[in-house]
Amino acid sequence: MAVAVGRGFLVQPCSYSSSPTFHNKIYKPSLGSATTFWSTFAPQRYPQVAVQAQQRPTWLPGLDPPPYLDGTLAGDYGFDPLGLGEDPKSLKWYVQAELVHARFAMAGVAGILFTDLLRVTGISNLPVWYEAGAVKFEFASTRTLIVVQFLLMGFAETKRYMDFINPGSQAKEGSFFGLEAALEGLEPGYPGGPLLNPLGLAKDIKNAHEWKLKEIKNGRLAMIAMLGIFVQAYVTHAGPIDNLVEHLSNPWQKTIIQTLANSTS
């Protein structure tokens, strides 16, 4: 008696999605004249169930991010161990605070490295960065410079805070000495315009997620670098370029381990 053997079972790959997906496939073998005999011993259905979890990068692999960090923010990897962003209003403020600190850190690292390089190479007679605040200038006294800095920074930070409370309010005509068109407030934290975005990299700020991600990543790296520069100056009493040159002169003996060991002894 001839029996027609059914076709082999086909396993189809499942596409990834952002939510759990269940696929039920029913496969029936193609049988010949012995269908009744075969069905007595063989099951009629062969279900295939595939469960797929949501794929999202987090700061710690396998860790479920908090529900309020849904991945929509630039650079959101679910990192909030203290739960500071549980309140939506506080989360918006912390996002702006991190962005400002990141930009200051990037400017600070660039300024420290550039001036330290000029000092070490002898191109310019500049003080090491942590002594620059004690330098006396001929064109103005230290007190005058502090007052001017407080006024300028206070004005800029006040305008930023007002734009955070009422987005777009600082772009109205007459709100910034007629320079509103040059700023083109895109959204809180991103003033834009030819003054602060001369290359026009993110004119469409709503679709500039990639640029925002690059900026916050570099800013976070700069904040860590600033912390390292602070600790380095406290321990070694030297600038970052001096420390780099010393390390390169003897890479196996001039390391952070030996430096910390000598500082505590």
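How many aromatic pairs does a search of the whole structure find? The search finds 6, where rings of Phe, Tyr and Trp (its six-membered ring) pair if their centres lie within 6.5 Å. The model is predicted, so local features need pLDDT of at least 70 and side-chain atom pairs count only at pLDDT 80 or more, while totals for chains, interfaces and linings use all residues. Residues are numbered from 1 along each chain as its sequence is written, and side-chain values use heavy atoms, with hydrogens and water left out.

**View A. Trp-129 and Tyr-130 form an aromatic pair.** The pair is edge-to-face, at 5.6 Å centre to centre and 85° between the planes; planes over 60 degrees apart count as edge-to-face, under 30 as stacked and the rest as tilted. Tyr-130 is partly exposed, with a relative accessible area of 32% (buried is under 20%, exposed over 50%, partly exposed in between; 1.4 Å probe, protein chains only).

**View B. The rings of Phe-137 and Phe-139 form a tilted pair.** Their centres are 5.5 Å apart, and the pair is tilted because the planes are at 45°. Phe-137 is partly exposed, at 41% relative accessible area, whereas Phe-139 is exposed, at 64%.

**View C. Trp-93, Tyr-161 and Phe-164 form one aromatic cluster.**

**View D. The charged end of Lys-212 sits over the ring of Tyr-190.** The distance to the ring centre is 5.0 Å. For a charge over a ring, NZ of Lys or CZ of Arg is within 6 Å of the ring centre and within 35 degrees of the ring normal. Lys-214 lies over the face of Trp-211, 4.9 Å from the ring centre.
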